[in-house]
Amino acid sequence: MNFRTWLRTELNKRQWTYAELARRSGVQTTQISRVMNGSQRGGPDLCIAIAKGLELSREQVFRARGWLLAQPEDPYGPPLDP
């Protein structure tokens with residue numbers, strides 16, 4: 001799922017408009033609109049604002065944006081068979 005689809009799903013769950021997300025995020029409605037229509041990708045600052053507006057962790061939004069892995073990797077790798 002791409003970021004726009006993810007964000008649209010989050011807005012639909014809450015029954016929010018772009019304007020409501022913008023108000024809660026402290027950004028302009030045009031910024032949200034540009035992300036949603038694909039003319040702007042949304043940088044880290046906007047994603048942090050969206051996380052605040054949606055009351056989600058930054059990590060959740062960064063994962064949706066594709067900047068973090070879906071599942072954190074195990075730093076020790078798979079267990080070894082003796």
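Guide: Start with glutamate 55, which is exposed, because its relative accessible area is 69% and exposed means over 50% (buried is under 20%, partly exposed in between, with a 1.4 Å probe and protein chains only).

Visitor: Where does glutamate 55 lie?

Guide: Glutamate 55 sits in the loop between α4 and α5. Its phi is near 55 degrees, a positive value in a residue other than glycine.

Visitor: What kind of model is this?

Guide: This is a predicted model, where local features need pLDDT of at least 70, side-chain atom pairs count only at pLDDT 80 or more, and totals for chains, interfaces and linings use all residues. Residues are numbered from 1 along each chain as its sequence is written, and side-chain values use heavy atoms, with hydrogens and water left out.

Visitor: What is the average pLDDT of the chain?

Guide: The average is 90, where pLDDT is the predictor's confidence in each residue, from 0 to 100. A score of at least 70 is reached by 88% of the residues.

Visitor: How many helices and strands does the chain have?

Guide: It has 5 helices and 0 strands. Both are DSSP runs, numbered from the N terminus: helices are H or I with at least four residues, strands E with at least two. Along the sequence the pattern reads α-α-α-α-α.

Visitor: Why is glutamine 15 called exposed?

Guide: Its relative accessible area is 73%, so glutamine 15 counts as exposed. Its place is in the loop between α1 and α2. Phi of glutamine 15 is near 60 degrees, again positive in a residue other than glycine.

Visitor: Is methionine 36 buried or exposed?

Guide: Methionine 36 is at 5% relative accessibility, so it counts as buried. It lies in helix α3 (residues 29–37). Of the 82 residues of the chain, 32% count as buried.

Visitor: Which residues is methionine 36 in contact with, leaving aside its neighbours within four places in sequence?

Guide: They are Arg4, Leu7, Arg8 and Tyr18. Contact means heavy atoms within 4.5 Å. Methionine 36 and tyrosine 18 are 18 residues apart in sequence, and their C-alpha atoms are 8.8 Å apart in space.

Visitor: Why are α1 and α3 called oblique to each other?

Guide: Helix α1 (residues 3–14) and α3 pack at an angle of about 125 degrees, with axes 8 Å apart. Under 35 degrees counts as roughly parallel, over 145 as roughly antiparallel, 65 to 115 as roughly perpendicular, and the rest as oblique. So α1 and α3 are oblique. Axes are lines fitted to C-alpha atoms, for helices over the stretch in contact, and angles run from 0 to 180 degrees between N-to-C directions.

Visitor: Which residues make the contact between α1 and α3?

Guide: Phe3, Arg4, Leu7 and Arg8 come from α1, and Val35, Met36 and Asn37 from α3.

Visitor: What makes α4 and α5 oblique to each other?

Guide: Helix α4 (residues 44–54) and helix α5 (residues 58–65) pack at about 125 degrees, with their axes 8 Å apart. Therefore α4 and α5 are oblique. The contact is made by Pro44, Cys47, Ile48, Ile50 and Ala51 of α4 and Arg58, Val61, Phe62 and Arg65 of α5.
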